[in-house]
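Reader: I am new to this one. Please show me the structure, then take my questions in turn.

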Amino acid sequence: MSSQSRRRFLVLTGGAGVAAAAGALFPRRAWAGPIGLPSGIQLYTVSKPLAQDAPGTLKQLKVIGYSEVETAGLGPIPAKNFRVLLDDAGLKCPSAHLQFGGPDVDAQFADANALGAHYAVSSILRQLDPEFMKAAKAAIASGAPMPKPPKMEPLGLDGFKKTAEQMNEAGKKAKAAGLQYAYHNHNFEFEKMPDGSPGYDILVKETDPELVKFEIDCGWMTVAGANPVDYFKKYPGRFRMLHIKDFKPVAKPTTDLMGDGRPTGADLGMGFIDYNPIFAAGKAAGIEHIFAEQEAPFTVSQMESAKLDYAFLQKFN
């Protein structure tokens, strides 16, 4: 069966029969992901169906073939209850995205432990507009479209150094809670510093390798003009997880996360990012988990996109 036929099969087939049917059509090893790792998904990708029917959505992800998830907020569901839903669906949650800017970080660490996570991840440590953050949290919890964010100002050299300090502190707190802290990038971290290097390098070089690991969002890194494989080689041992994400082609590299230069998301395999070298180098780099994730706009339903993204991952077995 061709890759295109497989993608079409996964989109058009639904319900409990998909696992059995796919198992008959594809080799058993197809249910693993690239680099020989389980196929994971960042739950932000299915935020709308998750808000409408969390138990059913998690079970459907398992039916599609995912075996791991990464959380991005739990909405109104307490962590211990969400863990029951994960267990019922047969899913593991090795990583949880948390909000490190508020006073309740200890409670969030407790939630991560309740979920069975090992990694406690932050994606943006810089201060964002509070009204936007409030609206964004509400959108994630309800599955509604994300609000348009205000444009972000450059961080500058001092800003990146202060962020590295925050990351070290977050790493200490996570370790005390029995967790491993990791930082997830977007594209703004590749703002050029006075010496021409990207700010992201400051975050890697000025953080404690034991306290701070990194989750590379391959899509955001690539649209910013950087290459995950180069970072695997440049800073060995620092990277533990990958977000597998695609974007429509960009005219030039962009570090604009929230303005007019923000790139447009795409289903995996429908954009321009070449994952062959990334997966080829990932195993030797020590990558432990991979999570498919998609940015808006969705051209089909979020669950159909999750099926397409899973099919893409199977091309690399």
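Author: Angles under 35 degrees count as roughly parallel, over 145 as roughly antiparallel, 65 to 115 as roughly perpendicular and the rest as oblique. This is a predicted model, where local features need pLDDT of at least 70, side-chain atom pairs count only at pLDDT 80 or more, and totals for chains, interfaces and linings use all residues. Residues are numbered from 1 along each chain as its sequence is written, and side-chain values use heavy atoms, leaving out hydrogens and water.

Reader: How are α5 and α6 oriented to each other?

Author: Helices here are DSSP runs (H or I, at least four residues), and strands are too (E, at least two), numbered from the N terminus. The axes, lines fitted to C-alpha atoms over the stretch in contact, with angles from 0 to 180 degrees between N-to-C directions, come within 8 Å for α5 (residues 79-89) and α6 (residues 105-115). They cross at roughly 20°. The two helices are therefore roughly parallel.

Reader: Where does D260 sit, and is D260 buried or exposed?

Author: D260 lies in the loop between β8 (246-247) and β9 (265-266). Buried means under 20% relative accessible area, exposed over 50%, partly exposed in between (1.4 Å probe, protein chains only). D260 has 78% relative accessibility, so D260 is exposed.

Reader: How many disulfides does the structure hold?

Author: A disulfide is a pair of cysteine sulfur atoms within 2.5 Å. C93 is buried at 4% relative accessibility, and C218 is buried at 0%. The number of disulfides in the structure is 0.
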